[in-house]
Structures are given as C-alpha cells and as structure tokens.
Amino acid sequence: MYKYSTIFFLLIQFSYGQTNYNFKKNITDEDKKMFLGYTKEIFVINDQIEYSFSGNDYQPTYKTMFTPLRTDDAYLEELTVKLKKDSLNPITLNEIGGYYNRKADKVQAKKHFQMSLENISMSYFKKDSANFYSFRGLLKSNLEYKDYLSDIEKALKINPNDSLSICFYPMLLIKEKKFEKARQICINSLEKKDELAEMSYLYLILSYVYEKIPFIMNIDNQKKSEYEKLNFDEIIDYQELDKYALHYKENIKIQHLRKFSSVLGLVLKMVFLKTREKDEFEKINYNKYENKKLKELEKWFINAIENKTINHYSAYKNLGMISFCLNNNDTAIMYLKKSLDSFPKSKEDENFNPSEVYNLLATIYDLKGDMINLKKTIEDHIENELDGQKSIENYLNMARLYLYEEKYEEAEKWCRKAKEIDPSAFNVYSMIAHCYYMQENNLLSEFYLQESFNKIQNTNEQSNLFLQLAIYQILNKNIDEAYNNLQTSKKISIPDECKICDELINNYIEKKQN
C-alpha cells in the first residue's frame, strides 16, 4: 500500500499562484451543488450479495430447527444467581461469556471466558477428562489461544466419541486452514453413518469452499479468465459430496445440503469470477450448462415446497437467489419477500437470520434504481437486526441515500450512528467531511478529511479519498493540486485505472501552452 504523509490543511481555499494547468470550462454554483454529478460514483451504495446456510437452513420444518441460545436479560439474571452460589464455577462463567459474546460485548465476553479458564478444574466434569479437555480447548479458542487444538485432540484421544469435540473439531480445523484433515474427519464420520452425519456433511462442504475462496480471490487476471471458462462444479470439487449424497439418499437433510452446495458454487462463481457492470443492470452471464443447472435447482425447490419436504424460509431464500442468478429480478423480489414473511423469528441467532435476504433484496432495488424500496428495505433490515449483529453498511447506505437527496444533516446523523458500530470505519469520516463541505463548513470538512486519511485501511480507500479531494479542488479552482491528486488516485486504484479520474481530466483540465 502506498503511504503518504499529506496533511489536508487549506484544501479548499482558492489558488491564486502560478499554475501548470488550465480549466477547460468555468465552474458554476450548480456544478458545486451537483458535485460535478459524481455523488453516486464517489459515495456508491455498497451492494452485498451473500449466500450461506446453517444447521437450521436444511431442516425440513420449523419444529425440527434448533432453538437459539438465549440473549434476554432474564437469562443473565439466572446465570448471575447461579454464580453467587459458586463464584468460581467455570461452566457458569463460560455461559456468561457466551451470553456477552452473542450480545457483541467483546470486553465482557473475554473477561468471563478468561475467568472460566483460570478456574477450570476436573472436579466440575465428574472426572470425565475428555470432556474437560474439549471444554478447555473451546475456551482457549474463544480467547484466541494458539494451542487450543491440542486440547481438542487430547479429548478425542481419550474418548473418540466425545460429543463436544466431535461437533467442533472439523470446524476448528477449517478455521486453521487444515482442510484435508477436516475432510478426513468428516468422511470417517460419514462412513460410520453416525448421528452426526448432517453436520459432517455440512463441514465437508465448507472444507472445499473455504479452501477454494482465498485461491480464487488472489489469482491473477489471466488465471481468473481461465477459471471463468470452467463450469462451477469444476472449480469446487463435488465428487465426495455426490458420493455421500448418494450414500445417504434417504436422508432429506443431506439432500437439502447437496442442493445448497450447488447454489453456493454458482454464487461464488458469480461473485468472484464474473465481470458485472452496474450500468449493464448486472446481467449475469452463466454458460449453457450452468443455466440448465439453475433451472433444475429452481424446479427442485418448487417441488420441495409443494411436497412439504423443506422449510419455506430456506426454499424461498434459495429461489430468490436462483432467480437473481437467472436475471429474473422481479421474480427474485417476489421470492425474497416470501422468504422474509416466512422467517421463524423465534429461531433467529447470529448464524441463522435473514440478513442476506435483506441484502440481496436491497441490491436488486439498487440495480433497478428503485430508491424508495431500497431505503425501505434497509430501514426494515435495521429494525429487525439482532442486538450485537448490527451491520455498519446498512447505516452507511442510509447516509449515502440522504447524500443523493442533498439532505446533509440527515446523512451526517446516519454516519454518526455508523460510527457507534465501528469508530475506525473510513467511510464514516469521508462522508461526514463531504456533508460539511456541501454545507460550506470548510473548517470541519478539513478536519474530517484528515480523520479520513488517518482511518485508511487499504489502497481502494486511499484512491477514493484522493479522488474526493480532487473534485473539491476542481470546484475551488485549485487546478494543479486537482490534477496531481487525480494522477495519485489513478496510480493507487485497484485495478490500476480510474475511469472517473480520466473523465475529470478530459472534461475539466488541460495543460498550459508555453
């Protein structure tokens, strides 16, 4: 990442000194009001396309879904009463840590997990050493200790059937990028046809997916082009998944997971390997084979609803994503709304919630240019988010929508709400700076531009800030500084191009003739 020590003082003063460049056209008050027409390009809505599935998604009915762990105040009171009877009880302390973790209170969560670890003893586990080590290993994992896997492995060595270790071991191996080992654990479990078959199959899917994603994200453009020519099921290995889906052909939950894994593979190809331009309405161009698979999946989920073999929320969520992939956006909206109407609120937790449905619905409205329904969808999403699961992007997107409407005070309010979620977010400060600039509060605009610079986390943010700054300088007739910052933005943009930079130079700036 390029590093600059530029200080943004006196950015928006008029320049009267000798310059190397001229303006091609006069800058008017209307140009300033419209930010040269680039508000939506600089402060772009962050469309989010996500697809995931948890232990509740593949359940046939709502009744078979897992009940989420509690996060209500009464539960904390119950745990506090238990702790008064035994203030060093590591199990109760761990439960309190888990409660705070689900509430996104990381400080209190860590405090209670640490207290639990410091007070753990075999006496609380009825001399079950396997249970002791698996419990301690999970505690260490929550505290991000490096040696937590050794405790899980000790537990399994003592008792290969220790349920706590068996449930979490493959997931922890995936977390540590030990994909082959995780797969072998899952395959051993599937071969035995034990009661954890669905969980083992789920982890088997994740072992292939999480191994492949970083590779796809980091390959060069030539290699990426080669991968785009492959079918989605040639990018991720589905052979073992097909084998065990056939092995468990009577297990409806595993059959659901196999269908989910195909949808996931198609979404991953769309997100990571497709060039999708907003001004082309994000038309998604799958090949003939993939379109056929999408239509087969669509038919399968419709039949599953008719035959009552899958819960409606998951079925409609998948149909919404499939319709989006087929470029049937109006149909996708219908299914996504049905999915939200069908969501079982009593089963919601941090892993099973309709966040990705709201995000896809908002994305489609944005692509259609339907700002009214986009705003309503984001507002509904915010209203229905769990405590501790608030997405900063919802608040930033609300701020962007108010920027488009030139309601700068309202935009700033949403930025400050976003700041409460993440005080280090670059976009919070760059947008507040813009709000003040458009209200002609130059001093505060400069202050928040400097704060933006201090919060830069990557080259994309850095490039955007220099571009934002360049437009201010064009509007205030600092022509040389504008040109230099446009060139800097181009140099550090990802990829190494900036179409807006070129447009601004071509439209507004020319080199002086000697």
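Accessible areas here come from the Shrake-Rupley method with a 1.4 Å probe. On that basis, the accessible surface of the protein is about 26,200 Å². Carbon and sulfur atoms hold 48% of that surface. Keep in mind throughout that this is a predicted model.

**Stop 1: the whole chain**

Start with everything selected and a cartoon view. The protein contains 26 helices and two strands. Its C-alpha trace spans about 85 × 60 × 40 Å along the principal axes. Colour by burial next. Of the 514 residues, 51% are buried.

Take the contacts in the protein with a separation of 6 or more: residues 24 or more positions apart account for 66% of them.

Then colour by charge. There are 72 positive and 77 negative side chains. The centres of the two sets lie 3 Å apart.

**Stop 2: the nonpolar cores**

Select Met321, Phe324 and Leu504. These residues have the most contacts inside the largest nonpolar core, which has 133 residues. A second, separate core has 17 residues, including Tyr100, Leu117, Ile120 and Phe125.

**Stop 3: the cysteines**

Select Cys498 and Cys501. What joins Cys498 to Cys501? A disulfide does, with an S to S distance of 2.3 Å. The cut-off for such a pair is 2.5 Å between the sulfur atoms. By this rule the count is one disulfide.

Look along the S-S bond. The torsion about the bond of Cys498 and Cys501 is about 75°, so the disulfide is right-handed. Check the surroundings of both partners. Cys498 counts as buried at 9% relative accessibility. Cys501 is buried too, with a relative accessible area of 0%.

Cys186 is buried, with a relative accessible area of 1%.

**Stop 4: Lys32**

Select Lys32. It lies in helix α1, residues 29-33. Is Lys32 buried or partly exposed? Its relative accessibility is 22%, so Lys32 counts as partly exposed. The limit for buried is under 20%.

Show what surrounds Lys32. Leaving aside neighbours within four places in sequence, Lys32 is in contact with Tyr437, Met438, Glu440 and Leu475. Pick Leu475 from that list and draw a distance. The C-alpha atoms of Lys32 and Leu475 are separated by 6.1 Å, although the two residues are 443 residues apart along the chain.

**Stop 5: Ile479**

Select Ile479. This residue is in helix α25, which covers residues 479-492. Ile479 is buried, with a relative accessible area of 3%.

Ile479 and Tyr21 are 458 residues apart in sequence. How far apart are they in space, C-alpha to C-alpha? The distance between Ile479 and Tyr21 is 6.4 Å.

**Stop 6: Pro60**

Select Pro60. Look in the loop between α2 (39-42) and α3 (73-85). Pro60 counts as buried, at 18% relative accessibility.

Which residues is Pro60 in contact with, leaving aside its neighbours within four places in sequence? They are Lys253, His256, Thr309, Ile310 and Asn311. Pro60 and Ala182 are 122 residues apart in sequence, and their C-alpha atoms are 27 Å apart.

**Stop 7: positive phi angles**

Select Lys126 first. Lys126 lies in the loop between α5 (106-118) and α6 (129-142). Its phi is near 50°, a positive value in a residue other than glycine. Lys126 counts as exposed, at 79% relative accessibility.

Then go to Glu144. Glu144 lies in the loop between α6 and α7 (148-158). Phi of Glu144 is near 65°, again positive in a residue other than glycine. Glu144 is exposed, with a relative accessible area of 69%.

Note on methods:
Residues numbered from 1 in each chain as written. Predicted model: local features only at pLDDT ≥ 70, side-chain atom pairs only at ≥ 80, totals over all residues. Heavy atoms only, no water. Buried < 20%, exposed > 50% of the residue type's maximum accessible area, 1.4 Å probe, protein only. Helix = DSSP H or I, 4+ residues; strand = E, 2+ residues; numbered from the N terminus. Contact = heavy atoms within 4.5 Å. Core = buried A, V, L, I, M, F, W, Y, C linked by side-chain atoms within 4.5 Å. Lys, Arg positive; Asp, Glu negative; His and termini not counted. Charge placed at Lys NZ, Arg CZ, Asp CG, Glu CD.
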